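Try each task on your own, then follow the solution.

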Amino acid sequence: MRSTAEATEDRVENTSVATARRWSRDGGPAAVPTWARWPVIAMAAAVAAILGLTSGRYGHFADELYFLAAGRHLSWSYADQPPLIPVLARLLDTLFPDSVAALRLPATVVTALGVIVASLIARELGGGRRAQVLAAATYAVSGGLLGTGHMLSTDVVDSFGWTVITWLLVRWVRTREDRLLLLSGLTTTVCLQTKDLIVLFWLTLGCAALVVGPRDLPRRPALWVGAAVAVVCSLPNLWWQVDHGWPQLDMTDIIVAEQNMLGGRLALVPLILLFAGVPVGAALFCYGTWRLLRSAELAAYRFLGWTIVGYIVIVLITGGRQNYVTGLYALATGAAVVELGRRQPTRWWRWMTSWPVYALAAVISVAVTLPVRPIFWDGGGMRSPVSALSTGWPELASAVGDAFHGLPEGERASAVVLADTYWQASAIDQFGRADGLPAVYSPSRGFWYFGPPPDGARTVLFVGSADTTMRRYFGNVRKIGSFDYPYGLPGINTGVSIWICTDQRVAWSRVWPDLRDFTVIDRARPDPPSDPGPGLAQ
C-alpha cells in the first residue's frame with residue numbers, strides 16, 4: 001500500500017502537468033509549475049562544493065596543459081578544436097598563474113549551472129516540485145557530467161551549451177516566443193567555439209521537425225537569424241581549417257582508433273548509459289527517450305525524442321565517443337521524471353527514484369570520476385589513465401631541466417627541446433620555463449602547427465619513448481637520461497628517455513612536414529631497435 005503522502009504528491013504532480021498544458025483565456029501559454037528553487041540551488045551548490053574541494057587534487061590534466069600551451073599560441077582555430085578553451089585557459093592562467101583550481105573554475109560553475117537548467121527542463125515539461133528535484137539530482141549524480149566537470153575541457157562547456165539549447169527549445173514549444181530561438185542560436189555560437197558537434201544536433205533536429213513537427217520551426221526567422229550569427233562568428237575558425245587542410249577531419253580517424261580501445265561501436269551505447277549514471281541516470285535516460293517517442297502528453301516534443309535517437313545513430317555510425325551525447329541527458333531524464341509523476345509508478349520505479357538509490361549513485365560517481373582516492377591507491381597507469389595523466393608532469397619537466405643544465409655550455413646556447421607527444425611538450429612548456437628551459441617543440445597533433453624549431457637549432461634535447469625517428473635526421477644521437485614515474489602512463493609520462501641529438505642532416509624547415517603525427521596511443525611500447533636509416537643529404 002502506498003502512503004497518503006505519496007498519493008497526495010502524485011495528485012500534485014498530475015495537477016501541475018495539467019496546468020502546464022492548459023492555455024490561458026487570452027490565448028497565451030499557462031504558467032508552468034512553481035520552480036523548486038531552494039532544493040535545486042542546494043544541489044547545485046553541493047556539486048560546486050565537491051568539485052571545488054577536489055579541483056586542487058593531483059595536478060593539471062594532460063589536455064589542460066595543452067590548452068595552456070595553445071593559449072600561448074593564440075590562433076583563430078587549432079588542429080583539434082576551435083579557439084574558446086585555449087583563450088579561456090590563457091586568461092585564467094594570466095589572472096591566477098599556475099593555479100589548477102582557478103583553471104577549473106569555469107568547469108565547476110557550468111556544471112553547477114547545469115543542475116539548475118536540468119530542473120528548468122523538467123519544469124517546462126510540466127513537472128512539479130518532485131520532478132524538478134529528481135531531474136536536478138539525476139544531473140548531479142551523472143558520472144559523465146561530474147567527471148568532465150572536474151577539469152577544464154571542451155566537453156564541459158559544450159555539454160552545458162547543449163543543455164541550455166534543449167531547455168530553450170522545450171520552452172519555445174510551450175510559449176512560441178521566437179526570441180528563445182534567437183537565444184538558442186547565440187548559445188550555438190558559443191558551442192561552435194568549443195566543438196563542431198552542435199551542427200549535427202541541429203541537422204538531426206531539423207529533419208525530425210520536418211517529419212513529425214513542429215513543421216513551422218524551420219520557418220521561424222529568429223531561428224535563421226541565430227544561425228546566421230553562429231555562422232558568421234565561426235568563419236575565422238572555418239577559414240583557418242580550410243587554409244591548413246582541414247586537420248580536424250584528420251582527427252576523426254584518430255578518434256575512431258582511440259574509441260576502438262574501449263570497445264568501438266559495440267561499446268558505445270553501454271558507455272553512454274554508464275556516463276549517464278549508475279543506476280538511476282541510465283534508467284531514466286532510456287525511459288525518458290522512450291516516453292518522448294511514445295507519450296501522448298509529450299507529443300509536442302516528439303521531435304526532440306527522435307533527435308536523441310537520430311543523433312546517437314550518427315555518433316554510432318561515425319565511431320564517435322560516448323561523451324558526445326552528454327548534452328542530451330537532461331532532456332531525456334527531465335521527460336522521464338515528468339512522465340513518472342503523471343501516473344502511479346511501479347514499485348521498481350519508486351525504488352529507483354528513492355533517496356537511497358540517489359545516494360548510492362552519488363557515491364559511485366564521486367568515487368569513480370573524482371580524485372578522492374590517494375594516488376597510491378588509485379594506481380594510475382592503464383588502470384586509471386585520468387589520474388595517470390594528471391600527475392608526474394612537473395617531475396618530467398624537472399628531469400628534462402636537469403638534462404639540459406648538464407649539457408656543455410656551447411650546446412646549451414643553441415639547444416631546443418623536442419617532445420614526442422603534445423602532452424609532454426605542453427608539460428615541459430608549462431613547468432620548464434621557470435627552470436630556464438629553451439623553447440619546446442613537438443610534431444604531435446596541434447603542437448605541430450605551432451611551428452618547427454629554427455633551422456639554426458642544431459642541438460636538440462629529444463624527449464620520448466624511442467629514438468628511431470631522430471636517428472634518421474641526426475648523425476649523433478645519445479641517451480643522456482630517463483624518467484620513470486610510478487603512477488604514469490607508459491611511454492607518456494613514465495618509461496620516457498631523454499636523448500641529445502647533434503650533427504643534423506636535414507634542415508627543420510624541410511623535415512617538419514614529414515614529422516606531423518596525430519597519434520599518441522601507440523607510444524606505450526618497448527623501444528624498437530635503433531635504425532639509423534639512410535643518410536639524407538641537405
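**Exercise 1.** Find out which residues Trp393 touches, not counting residues up to four places away in sequence.

*Solution.* Start with the ground rules: this is a predicted model, where local features need pLDDT of at least 70, side-chain atom pairs count only at pLDDT 80 or more, and totals for chains, interfaces and linings use all residues. Residues are numbered from 1 along each chain as its sequence is written, and side-chain values use heavy atoms, with hydrogens and water left out.

Next, look for contacts (heavy atoms within 4.5 Å). Beyond four places in sequence, Trp393 touches His60, Ala62, Leu65, Trp423, Gln424, Ala427, Phe431, Ile492 and Asn493.

Now zoom out to the largest nonpolar core, which has 137 residues. A nonpolar core is a set of buried Ala, Val, Leu, Ile, Met, Phe, Trp, Tyr and Cys residues joined through side-chain atoms within 4.5 Å. Buried means under 20% relative accessible area, exposed over 50%, and partly exposed in between, using a 1.4 Å probe and protein chains only. Phe201, Phe285, Trp393, Val400 and Leu461 touch the most other members of that core. Helix H9 (residues 154-175) gives the most to this core, with 11 residues.

**Exercise 2.** Work out how helix H3 and helix H24 cross, and which residues meet there.

*Solution.* First, the helices: they are DSSP runs (H or I, at least four residues), numbered from the N terminus. H3 covers residues 62-71 and H24 covers residues 422-431.

Then take the axes, lines fitted to C-alpha atoms over the stretch in contact, with angles from 0 to 180 degrees between N-to-C directions. The two axes come within 8 Å and cross at roughly 65°.

Last, list the partners. Ala62, Asp63, Leu65, Tyr66, Leu68 and Ala69 in H3 meet Tyr422, Trp423, Ser426, Ala427, Asp429, Gln430 and Phe431 in H24.

**Exercise 3.** Why does H24 count as largely enclosed by the rest of the structure?

*Solution.* Check the helix residue by residue: Tyr422, Trp423, Gln424, Ala425, Ser426, Ala427, Ile428, Asp429 and Gln430 are buried. That's 9 of the 10 residues of H24, so the helix is largely enclosed.

**Exercise 4.** Is Gln193 buried or exposed?

*Solution.* Locate Gln193 in the loop between helix H10 (179-191) and helix H11 (198-212). Its relative accessibility is 16%, so Gln193 counts as buried. Leaving aside neighbours within four places in sequence, Gln193 is in contact with Pro82, Pro83, Leu84, Ile85, Cys233 and Ser234.

Definitions and conventions. Helix = DSSP H or I, 4+ residues; strand = E, 2+ residues; numbered from the N terminus.
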